[in-house]
Amino acid sequence: ATLMTGSGRAELAGRPLLSLIALPAFKDLPGLARSSPRSFQDAPMRTRAGREMCLDIRVTSIGFGIEGRLLILGEDAGLRYKREQAAADRTQSLEALNALIALNVNPDEASLDHAVGLVRLYLQAPAAGLYSARPDQPGLTLACGVNLNTSFPDHIPPNEIEAFRTPQTW
C-alpha cells in the first residue's frame, strides 16, 4: 500500500476505496461481493502526492458466515506491460531461431542475408553484420548485414582482429 499510494495501511483503512481508485465498477461494492472473482486492467489511481498511475486489480469475494468481505489485490500495470514485452521478445526470438533452423536445411548464397537478419532478431540486437575471411585479402571483410550504420566498417585489418577474439569484460 505504501509503495503504490504513498500512504500507510492505517491511513488507507480510513479512506473510501473510491477516493483512491477511479473505477466505475467499484461503485457497486455489494454487487462485487456477491459475484465471482473479477479483474480490472489499467484502473486509474491517485497517490497522496497527486501522481496518477494505473493498476491491475483483482477483486475476490471472501464470505465468512453472514458477513462478506472483499479481497482486493492491486499491482502496478507497468509490471504487466514489462512481462508482456518480455514474453513477446521471447516469442520473437524463438520464431527467429525456428526460421534459422529451417533455413539451414537448404542453405544457399541468397539465404545468408536472411540468416543474419534472423540472428539479429534472435539476439534482439539493433544491428548485425557478418564478416568473412578471404584468402586473397588479409583481415575481415563485411559480407552482409542488417540495419547497419556507419559504425560497422567494411573491412577490419589484421592488427584489429585480435580485439574480437579477446573476451570482453564489463
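**View 1. Packing of helices α4 and α5.** Helix α4 (residues 77-103) packs against α5 at an angle of about 155°, and their axes lie 8 Å apart. Helices here are DSSP runs of H or I with at least four residues, strands are runs of E with at least two, and both are numbered from the N terminus. Axes are lines fitted to C-alpha atoms, for helices over the stretch in contact, and angles between N-to-C directions run from 0 to 180 degrees. The helices α4 and α5 are therefore roughly antiparallel to each other, a term for angles over 145 degrees. The model is predicted: local features need pLDDT of at least 70 and side-chain atom pairs count only at pLDDT 80 or more, whereas totals for chains, interfaces and linings use all residues. Residues are numbered from 1 along each chain as its sequence is written, and side-chain values use heavy atoms, with hydrogens and water left out.

**View 2. Residues between α4 and α5.** The crossing of α4 and α5 is left-handed, meaning that the near helix is turned anticlockwise from the far one by less than a right angle. On the α4 side, the contact is made by Q92, S93, A96, L97, A99, L100 and L103; on the α5 side, by S111, H114, A115, L118, V119, L121 and Y122. Contact means heavy atoms within 4.5 Å. The contact residues comprise 10 nonpolar, four polar and no charged. Ala, Val, Leu, Ile, Met, Phe, Trp, Tyr, Cys and Pro count as nonpolar, Asp, Glu, Lys and Arg as charged, and the others, Gly among them, as polar.

**View 3. Residue Q92.** Q92 belongs to helix α4. Its relative accessible area of 33% makes Q92 partly exposed, the class between buried (under 20%) and exposed (over 50%), with a 1.4 Å probe and protein chains only. The C-alpha atoms of Q92 and Y122 are separated by 6.9 Å, although these residues are 30 apart along the chain.

**View 4. The sheet of β4, β5 and β6.** Three strands form an open sheet in the order β4-β5-β6, with antiparallel pairing. The edge strands, each pairing on one side only, are β4 (128-134) and β6 (155-156). Two strands pair if DSSP finds at least two bridges between them. Seven bridges join β4 to β5 (residues 137-146), and a hairpin connects these strands through two residues. G129 has G145 in β5 as its bridge partner, while R134 stands opposite Q137 in β5. Two bridges link β5 and β6 in the antiparallel sense, and L140 stands opposite I156 in β6.

Methods:
Angles under 35 degrees count as roughly parallel, over 145 as roughly antiparallel, 65 to 115 as roughly perpendicular and the rest as oblique.
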